[in-house]
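This briefing concerns a predicted model.

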Amino acid sequence: MNNEENNSMSMADLLKDYDVKKLNVGDIVKGEILSINNDEAMVNINYYRDGIVKRSEISHDEVEVSDVLNVGDTINLMIVSLDDGDGNVLLSKNKADEIIAWDEVKASYKNNETLTLKVKEQVKGGVVALYKGIRVFIPGSQVSRERGVELSTLVGKELEVRVIEFDKRDKKVVASRRILEEAQYNEEKKALWNLVKKGEKREGKVTRIAKFGAFVDIGGIEGLVHISDLAWGRVKRVEDVVSVGDVVEVYVGDFDKEKERLSLAIKDIKKDPWEDAKATLKVNDVVTGKVVKFLNFGAFVEVLPGVEGLVHISEITEENIAKPSDVLTIGGEVKVKILDINSADKKMSLSIKEAVEKSREYEKFNDDFEGESLAGLFKDFKF
């Protein structure tokens, strides 16, 4: 056997352990990490040349090579160049990850599965996140089911999302966090509806305010506290009692599970001031009250906190008046006589006119008594 044959056999023996098929730029191959340093990693790709992965092609983040790779790891790599000028194959982990990531994103979109990605930056209308190098846009309206989320606070955070738009050709991926939060919220709401009981006390958070009341979330269910149920006393403005964001204790009233309607009360339903009125007030008593509301036919006067009675316009004064405000003012103090009490229906009839007459009778009695001398009072008595 001549030297040429020996050389030929030696080369064959040398290459028998390697994949000598032709490699092309853009191919995805597997490689085992042989060594690493601060700038790159040396990789065995089962080829007659070793591969090199630069740090910039290992991760999209500013990290050390050793933070991502370890000697002995087997990873997917894309061939960037068959010769980097030093006889090595130039490789990219980022590009390989991106190709695989596109397949993963497509699969998650088709199967309604979730993805975990990291928010990179805030942009007009939302935020941009990265999933293994793929840019994913999350519109501001899809960031959360909560209102008023500051988009800048999401930068650098990981979010679990669901892909709602996917177009690989245009490299367009749109995702939503809100969908997942809504699904979780609905599950919690469904469970809570099965637990809620009329009359029980719960903690909630004021979410919205309207002229007619306040909406309170009790942990997945939003209920309405009507303005009349904010306090036992008369409330002019909801904002005078609660504000959005307040944590309050509420009592559960009537509810309809099918229509998801819930009535709540902030006033303590177990401490009805009318029970106190029933024990302390009686018909013909004259008490001092405060004018709280006008109607065409009369005025409401509060005689105890949370206890009001109606003074009909005919019971305000002996004079003929067109409306209660002709002689009364809101917030003004007046003496009233109790004409009738119905604690069960929380109704009371009052009279300012009769209270004034009773006061006059008392004053006249005092005047008559003070006008008589002791001798005159006892003139018919013999001692």
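Charged residues number 13 in the lining of the largest pocket, alongside seven nonpolar and six polar residues. The volume of this pocket is about 700 Å³. Because domain 2 (112-181) and domain 3 (197-265) both contribute lining residues, the largest pocket lies between them.

**Lining of the largest pocket**

- The lining comprises 26 residues, of which Arg145, Glu146, Thr207, Asp217 and Glu222 are the closest to the centre of the pocket.
- Two or more lining residues come from each of helix 4 (178-193), strand 11 (201-210), strand 13 (222-226) and strand 15 (261-265).
- Strand 11 provides the largest share of the lining, with six residues.

**The largest nonpolar core**

- In soluble globular proteins, nonpolar side chains tend to be buried together.
- The largest nonpolar core in this model has 21 residues, and those that touch the most other members are Val105, Leu117, Ile138 and Val173.
- At least two residues of this core are supplied by each of helix 3 (93-111), strand 6 (114-123), strand 7 (126-131), strand 8 (134-139), strand 9 (158-167) and strand 10 (172-176).
- Strand 9 gives the most to this core, namely four residues.

**Contacts of Ile138**

- Which residues does Ile138 touch, not counting residues up to four places away in sequence?
- With those neighbours left out, Ile138 touches Leu117, Gly126, Val127, Ala129, Val143, Leu159, Val161 and Ala175.
- One of these contacts, Leu117, is also listed with Ile138 among the core residues that touch the most other members.

How values were computed. Residues numbered from 1 in each chain as written. Predicted model: local features only at pLDDT ≥ 70, side-chain atom pairs only at ≥ 80, totals over all residues. Heavy atoms only, no water. Core = buried A, V, L, I, M, F, W, Y, C linked by side-chain atoms within 4.5 Å. Buried < 20%, exposed > 50% of the residue type's maximum accessible area, 1.4 Å probe, protein only. Contact = heavy atoms within 4.5 Å. 1 Å grid on protein atoms, 1.4 Å probe; cavity = no way out; pocket = protein on both sides within 12 Å on 5 of 7 lines; lining within 4 Å. Points joined across faces, edges and corners; volume = space filled by probe spheres on them. Nonpolar A, V, L, I, M, F, W, Y, C, P; charged D, E, K, R; others polar. Domains from an automatic or database assignment.
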